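Welcome! Let us take a walk through this protein chain together, starting with its overall plan and ending at one particular spot.

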Amino acid sequence: MLLEKYDSQGLLWITTLVGKTSTAGLSAFRGDLVLVEGELREGSTNIRDRKTPEMVINQSAILADADKILFINGLFFQLEDLPVFVEKYKEALTPETVTLFYVQNIAKPMQIVLDGVVFNLLPHQEGMIWNLMLEELYIEKSDLKGQSGEDKVITAYEAAKGYKIKAEPISLEAALSQTIEVKKDLAGGPV
């Protein structure tokens with residue numbers, strides 16, 4: 001299975017779940033998907049003994065079959081990271097891959113076609129990506145009741161297949177010219 005291969009390569013990070021769904025031939029993952037691996041720790045040759053990844057898709061959810069990604073969502077901190085994802089995982093992406101990403105440095109919904117894959121992108125200010133996606137796709141908690149964590153990703157995939165973003169497709173270059181500067185609130189709680 002594709003996700004097992006990624007796991008053995010150390011590409012699944014901070015894993016919430018990874019496993020087979022109740023549908024034969026499909027597996028699901030929730031966690032961070034590594035885009036740029038961290039360096040191997042000093043003296044180590046074990047692929048799993050790495051420093052923190054340099055770049056990830058944060059809080060991702062993936063549904064895959066034996067060799068293709070059927071559905072993926074998550075958080076890009078910068079739109080500039082999208083081509084890194086496409087380059088690293090292009091062999092598993094197809095025009096049928098369903099995507100729904102949140103991006104911190106965009107101000108409005110965008111749709112980009114890159115290497116034949118349609119990327120649906122939504123702005124992100126705050127919140128857990130899984131919960132935001134459920135809300136965006138009109139999935140109620142009662143729709144997920146009784147399902148395994150893996151099967152919940154199938155439910156998200158089924159809802160996302162019919163999702164239409166309210167934006168015309170634009171090129172990556174045009175999208176990059178519309179990015180915004182992200183300002184983080186540094187306010188903290190009591191010290």
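**Following the chain**

Read along the sequence, the chain runs in the pattern α-β-β-β-β-α-β-β-β-α-α-α-β-α. That comes to six helices and eight strands, where helices (H or I, at least four residues) and strands (E, at least two) are DSSP runs numbered from the N terminus. This is a predicted model, in which local features need pLDDT of at least 70 and side-chain atom pairs count only at pLDDT 80 or more, while totals for chains, interfaces and linings use all residues. Residues are numbered from 1 along each chain as its sequence is written, and side-chain values use heavy atoms, with hydrogens and water left out.

How does the chain fill space? Its C-alpha atoms fill a box of roughly 45 × 40 × 40 Å, taken along the principal axes. Contact means heavy atoms within 4.5 Å. Among contacts between residues at least 6 apart in sequence, 58% join residues at least 24 apart.

Now look at the strands. Eight of them form an open sheet in the order β1-β2-β3-β4-β5-β7-β6-β8, and the pairing is mixed; two strands pair if DSSP finds at least two bridges between them. At the edges stand β1 (12-20) and β8 (169-170), each with a single partner strand, so one side of each is left without a neighbour in the sheet. Helix α2 (residues 82-89) packs on this sheet, touching β2 (27-36), β3 (55-64), β4 (69-76), β5, β6 and β7. The direction of α2 makes about 110 degrees with that of β2, using lines fitted to C-alpha atoms, for helices over the stretch in contact, with angles from 0 to 180 degrees between N-to-C directions.

Strands of a sheet pair through backbone hydrogen bonds, either parallel or antiparallel. Here, β6 and β7 (residues 117-123) pair in the antiparallel sense over five bridges. Leu114 has Val117 in β7 as its bridge partner.

Finally, where does Pro109 lie? Find it in the loop between β5 (98-103) and β6 (110-114). Pro109 is partly exposed, with a relative accessible area of 31%. Leaving aside neighbours within four places in sequence, Pro109 is in contact with Leu121, Leu122, Pro123, Ile165 and Ala167. The C-alpha atoms of Pro109 and Asn120 are separated by 7.7 Å, though these residues are eleven apart along the chain.

Technical notes. Buried means under 20% relative accessible area, exposed over 50%, partly exposed in between (1.4 Å probe, protein chains only).
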